[in-house]
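Here are my notes on the model you sent over. Have the structure open while you read, and check each point against it.

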Amino acid sequence: MIAITMLQLWFYVLIFDYQLAEHAVKLVHSEISYNQPELSPCAQWNASGITLVSEVTHGWSPETIFIDRDNTIYAIAFNKDYIYQWNEDSVNISRRNFHNLIGPLDLFITSPDNFYFMTGYSNARITKWNPNTFDTVPIVHFCERCFDIFIAINNVLYCSMEDRHQIATKALYENSSTIDIVAGIGIEGSISNMLHYPQGIFVNSNFDLYVADRSNHRIQLFRSGEFNGTTVVGRSDTIDLTHPSSVTLDANNNIYVVDTDNRRIVVSGQYGFRCLVGCSQVYGEASDQLANPKSMAFDNYDFTPNETVIRTTKNITAVPRDTMLTSLSLRATNGPTYIDHCDESSSDFDHISMPEDSKLRIQIYVQIFTVGLYRFSIDSDDDVFGYLHKDYVNPRDLSENALFKLRGSCDLNQFQMPIYLQTNITYVLAIVTADLQMLEPLSVHVFGPNNVRLTRADTSLNITSVYSSELDTKSPMFTPTACGQLDSHFEAVEFTVTETGVYTIIGDSSVGMDAYLYEDSFNPFNLKTQLIAENHIYDVCNFQSHIVTRLVMDTKYVFVVATQFQDDEGTFSVFVFGPNNVSFNRIDNIPLVVQSKYLSELTGNSLIYSPTGCGFLNHYFEALELHVIETGDYTITSQSVGYPEGSLYENNFDVFNPKLNLIELHNEKYECYNEPQFVTRLLANNKYILVVTTLHKGLEIRFSVLVTGPKKVTFKRILVQSTYTSVLTEDTPTYPRVCGKGNYHYETIEVNVEESGTYNFGANSSLMLYGQLHKDSFNSLNPTENELTHSNRSCDGYRLFHFTAHLEINTTYILLVTTFEPNQQGEFMIVACGTKNVNLTRLVNSQSSCVIGDRCHSYTKGIGMTIDDILRNEIQQTTIFSDQSFVVKMSAIVTMVMFVGGMINGLLSLLTFRNVELRKTGCGIYLLASSVTSLFTISVFTFKFWFVLYNHINVSVNAPVFRDVCIFLEPFLKILVYLDTWLNSCVAIERAVNVYKGVQFDKKKSRRAARWIVKILPIFIVATIIHEPMHRHLFEYTNEIYGSDENRNQTNETIRYETEKYVLCVVTYPSFVQNYNTTILFLHLIVPFLANLCSTLYIIFGNARRRSTIQTKQTFQELVLKQINEHKQLIVSPLILLVLSLPRLIISLISGCIDASNNPSLYLCAYFISFTPSMLIFIVFVLPSDLYMKTFKDSLRKYRPRSHR
């Protein structure tokens, strides 16, 4: 009892001491020795790198690099016995000898005194080296080379054993030589618990392991303590990788991947994956190119890529050791090899990475009594491998049903593979050795929660059943797997087993024969259906096929024996070894196999496309429509001189989207002529399209298509391509494609088809193109008008010029070709594909000035021109007045001159016509009202000019203020101008009446009529334009001008836009209101104009004609001249006003499509002249009249004394 108590106390103390030690280890390495910067998900790197060292310049290339927290860079080179070092801010390389280390291949640094090196190419030895004392300490010996090593913060070393498809760990704080497997089962594969040549590894602070699973083209994440990984990079929803070799994380857990065979480095972030370096994916030595990079590392400030990799994995926390519960020691001498008639050298397992002469020697049944986690280890002085299988072992393929692969001891190390096992399941441990005469004993140890039962299996074989027959030229034929010719004779034998178990089926023949085993049935049109196992002549020795599998009682099986060539014939025998007898029955009612053939060639005149749909159109192809008359399984293959590829589509084939409607795709190289092949089920009367292309771009080949199935199929060649080439230059027109996104060069192409149908459009260009298809016409400021379709596909984030449309004959279509980014220029080729030729003709476009705005906010101008229209393109935003153009400055000067002149004119006129005597007739009243109106007109005109100027320079004008000005100011200005025009015409009419009446002119009636007209006229004018404020509103749009930074790297440029915002006051009328406005415009401008003209003519000619009846001695011409001289003051004023009214009439009726920016000075002159009548009342009416001048002088004399007083 005392002994037991002491033992328990010692056990608890041991546990407590172990936990303290583990905690202490974690504290020691709580701070990482490498750099993990905290980076923005949008961080950018210069695409051009700086070469520190290269084999050309320095005579060596780095094998791996490491950058410590002090930004010191360390590198080692292959077969070099020293380490290279760059200190921070230094380009000089220092070199330090290892003394007693030979050719290290990998490096990891945990502190300035602890450098860990991996040496040995075939097996890895990890050695700790002190750079100060040059002392070396052996740490661990792995039986395989570590492609990458990583030491986590809990002081556990990780080794990426590439050739074993596993990740192993060794706790550096323990003296034990035991090595744990934390990822991979030792067999290559792509499922969640398997790896395929893993390389770079990284372990984060949570001890999660990231693995660059090279040959699976993915990054695997193994959570701490878990053996099933998750693909975090390399899925269809992330980004495609090709042989990644390194992975690392920054402080924000963004994943950085060295995508080796794509020659780039990519990163994940909150916005998805993007490329950082080597984005052209071109192999090269330029500063922006990578040549198969292997690794990367961060410094404290930036990111340093190199052509060696610092790899990252996820660390798995070390699990405390279980007590060893079960062990089995045994000696294997002459165990069966399951290969009876072959030389020893031929019985290898290369396809599962076994030594060439390895043999299955021992099978051990493992019985589990308690569910839990178990660890297996094998001790032997010989080189042995262990495979743990579920249910049974197939000695021809040890990876079948294998749960893991375990290697035996290597020096003093033990590899332990943890695995979760269950009860009531049969597990078999198969032990394989390279030496057939192995005599040394071996031991199998199992650690777990309970004892297990280990029992050596009896693997002796007994022949239980035999079937013999003969194949000749009369036997039925089919197409063997991967071979297109219908040239193999076969025979199918049906059998059942009376006892469930593992059976070995051996086919023996005098000639080479293939063997197939099926469950339930055999389909000669699809050899893969129900297939359990197969064995071909190139897999067997001495013409003996060999299949080992587990067969179930009361299940029907079919064994098929086939010849290799059409003329082969001979006898064969089938031997079945197993726990009980089987019975055979020959199958005779097998349907006949028929083959169809098509011959053609791919040349420089063939159609072109991109097999991926994402690259350049540089592969020749031919599209064939297959007509199937009977539903069934068909095998489609080809024969050629070259490397063909094949794809099968249903209903339609889109040249520019090859993944659409795809049924089958096969481009693998098979053992039979390197030809593609696929088997699929085709339905009668369905439309299928077979596309034949080549593995390499620009390759010309001859080929034949072979279709094997229950009936013949017919072939029809389809598709015609039309091409159009051009270039976008700086002279190409531009338009705002995206809402306010700068200027995009574009070209429009007229499209006409010879036959109605579905057509595909794509492009070849280094530019990222965008396309739209329109019917009849294209409006650059309203690109969606008449739009039928547009390009909308993307590949890996790269936008594609591609769309499909149904086009009708005798219809005109407009194809728009532009770019995704603004201000881009370059060559392009448009490819149209369909059943007939497509005619593509370039259109010369002239952009209409009727429309302003962008594609999302456009406004079509009507008739008339305002100061906004004239100066809109002249005023520069956010630019002070002194830096504005000459036109703007001169316009401001003229405006102020007109304002000063107009105010003087108005005040002098007002001073003149305030005289009571002048207002005894209607003319005086009209001119007094006109004087007041002119003051308001010139004031409002000046205010509007400066408001427009200020608004265009500074778009941050208060919106409500701008809206009020837009709604009310222009209509008010119109009222003033119309009123002034009508008042002037009233003066002309009254003068004409005065001339007509002569002495009979009634001044009282004239005065009374004038007062009524002055009151009614404003009401009348307001009533005619009262609708205008309801149709006036603010129109806003933006335009972004493409900008560039002078210091920006050309290969990694970031597009910068300078946004220009425009706010305009516009009028939007319905068509009937527009017609009404035109009528009103003629009413207010043409009628006063005609009144002035007619009044002037009547004053001259009417008065002259009346006097000609009295003064007969003078001719009519003399009287006309006399009237002109006599009434010159009455004639001059209407004529001047008539001439000055013409520009206003022209501007008011001019089309809004006129582009004033072509000649702004001309339109500004006309606009300013149209307002001069309002500032010439004094000059036109007062100065020519003696009466008005006398009155003005009298008023002025009266005003002067009053002002002196």
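**Notes on the model**

1. Glu808 is partly exposed at 37% relative accessibility (buried is under 20% relative accessible area, exposed over 50%, partly exposed in between, with a 1.4 Å probe and protein chains only). Glu808 sits in the loop between strand E60 (802-807) and strand E61 (813-819); helices (H or I, at least four residues) and strands (E, at least two) are DSSP runs, numbered from the N terminus. Ser756 is 52 residues away from Glu808 in sequence, yet their C-alpha atoms are 4.4 Å apart.

2. A word on the basis: this is a predicted model, with local features needing pLDDT of at least 70 and side-chain atom pairs counted only at pLDDT 80 or more, while totals for chains, interfaces and linings use all residues. Residues are numbered from 1 along each chain as its sequence is written, and side-chain values use heavy atoms, leaving out hydrogens and water.

3. How many salt bridges does a search of the whole structure find? The count is 18, a salt bridge being a side-chain nitrogen of Lys or Arg within 4 Å of a carboxyl oxygen of Asp or Glu. One of them pairs Glu491 with Arg586, closest N and O atoms 3.8 Å apart. That pair links distant parts of the chain, with Glu491 in strand E34 (residues 488-497) and Arg586 in strand E41 (residues 582-587), 95 residues apart. Glu491 is buried at 3% relative accessibility, whereas Arg586 is partly exposed at 47%.

4. Arg681 and Asp633 also form a salt bridge, at 3.6 Å from N to O. Here too distant parts of the chain are linked: Arg681 belongs to strand E48 (residues 677-682) and Asp633 to strand E45 (residues 632-640), 48 residues apart. Arg681 is exposed, with a relative accessible area of 51%, while Asp633 is buried at 11%.

5. Then there's Lys920, which has a salt bridge to Glu917 with the closest N and O atoms 2.9 Å apart. Lys920 is partly exposed, at 36% relative accessibility.

6. Strand E13 (residues 198-203) is largely enclosed by the rest of the structure, because six of its six residues are buried. E13 runs antiparallel to strand E14 (residues 209-213), and four bridges join them; strands pair if DSSP finds at least two bridges between them. Phe202 has Tyr210 in E14 as its bridge partner. The two strands make a hairpin with five residues between them, and Phe207 in the turn has a positive phi of about 65°.
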